[in-house]
Amino acid sequence: MSGKFSIQQVAQKTGLSIHTLRYYEKVGLLAPIPRGTNGHRQYSVEDITWLEFLVRLRETGMSIQKVLAFADLVRQHPDEVGERLVLLEEHRDRVKKNLEELTNHLQ
């Protein structure tokens, strides 16, 4: 996949609504998306990859506030992974705990 993608194409690819894509950009989960000469957003492959990652975090129960904190760490310290790793490990532990609880409830 290469090139630039419209907001409609990105919505279809990620499963996010156009409204959600605009919201994610507005609150800073996405860096500002460049616009074409027609004023329409032009998403890159990297933007789509980032959005797919955000979707995974949200679908596994990470709050918007935590996702925002993660996104801020990525932007402010792109070469430092320590704090990001801690945040992701904490989230992984919560997800595992939730899975264990759900498994116990099913039994």
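Does Glu 25 count as buried or exposed, and at what relative accessibility? At 15% relative accessibility, Glu 25 counts as buried, because the cut-off for buried is under 20% relative accessible area. The close-up views below come from a predicted model.

Glu 25 lies in helix 2. Apart from neighbours within four places in sequence, Glu 25 is in contact with Leu 30, Ala 31, Pro 32, Ile 33, Arg 41 and Tyr 43. One of these partners, Arg 41, is also the subject of the next view.

**View B. Salt bridge between Arg 41 and Glu 25.**
The side chains of Arg 41 and Glu 25 form a salt bridge, with an N to O distance of 2.6 Å. This pair links distant parts of the chain: Arg 41 sits in the loop between helix 2 (18-27) and helix 3, Glu 25 sits in helix 2, and the two are 16 residues apart. Both Arg 41 and Glu 25 are buried. Side chains of opposite charge can pair when their charged atoms come close. A search of the whole structure finds four salt bridges.

**View C. Salt bridge between Arg 75 and Asp 72 in helix 4.**
Arg 75 and Asp 72 form a salt bridge in which the closest N and O atoms are 3.1 Å apart. Because Arg 75 and Asp 72 are three residues apart in helix 4, about one helical turn separates them. Arg 75 counts as partly exposed at 41% relative accessibility. Asp 72 is partly exposed as well, with a relative accessible area of 31%.

**View D. Salt bridge between Arg 92 and Asp 93.**
A salt bridge joins the side chains of Arg 92 and Asp 93, at 3.7 Å from N to O. Arg 92 has 41% relative accessibility and counts as partly exposed. Asp 93 has a relative accessible area of 43% and is partly exposed.

**View E. Packing of helix 1 against helix 3.**
Helix 1 (residues 7-14) and helix 3 (residues 45-59) pack at an angle of about 40°, and their axes are 10 Å apart. That angle makes helix 1 oblique to helix 3. The crossing of helix 1 past helix 3 is right-handed. Helix 1 contributes Val 10, Lys 13 and Thr 14 to the contact, while helix 3 contributes Ile 48, Leu 51, Glu 52 and Val 55. By class, the residues of this contact are four nonpolar, one polar and two charged.

**View F. Packing of helix 3 against helix 4.**
The axes of helix 3 and helix 4 (residues 64-76) come within 10 Å and cross at roughly 145°. Helix 3 passes helix 4 in a right-handed crossing. On the helix 3 side, the contact involves Trp 50, Phe 53, Leu 54, Leu 57 and Arg 58; on the helix 4 side, Ile 64, Val 67, Phe 70, Ala 71 and Val 74. The contact of helix 3 with helix 4 has nine nonpolar residues, no polar residues and one charged residue.

**View G. Asn 98 in helix 5 and its distance to Thr 60.**
Asn 98 lies in helix 5 (residues 82-106). With a relative accessible area of 40%, Asn 98 is partly exposed. Asn 98 and Thr 60 are 38 residues apart in sequence, and their C-alpha atoms are 9.7 Å apart in space.

Technical notes: Residues are numbered from 1 along each chain as its sequence is written. This is a predicted model: local features need pLDDT of at least 70, side-chain atom pairs count only at pLDDT 80 or more; totals for chains, interfaces and linings use all residues. Side-chain values use heavy atoms; hydrogens and water are left out. Axes are lines fitted to C-alpha atoms, for helices over the stretch in contact, and angles run from 0 to 180 degrees between N-to-C directions. Helices (H or I, at least four residues) and strands (E, at least two) are DSSP runs, numbered from the N terminus. Angles under 35 degrees count as roughly parallel, over 145 as roughly antiparallel, 65 to 115 as roughly perpendicular and the rest as oblique. A crossing is left-handed if the near helix is turned anticlockwise from the far one by less than a right angle, and right-handed if clockwise. Contact means heavy atoms within 4.5 Å. Ala, Val, Leu, Ile, Met, Phe, Trp, Tyr, Cys and Pro count as nonpolar, Asp, Glu, Lys and Arg as charged, and the others, Gly among them, as polar. Buried means under 20% relative accessible area, exposed over 50%, partly exposed in between (1.4 Å probe, protein chains only).
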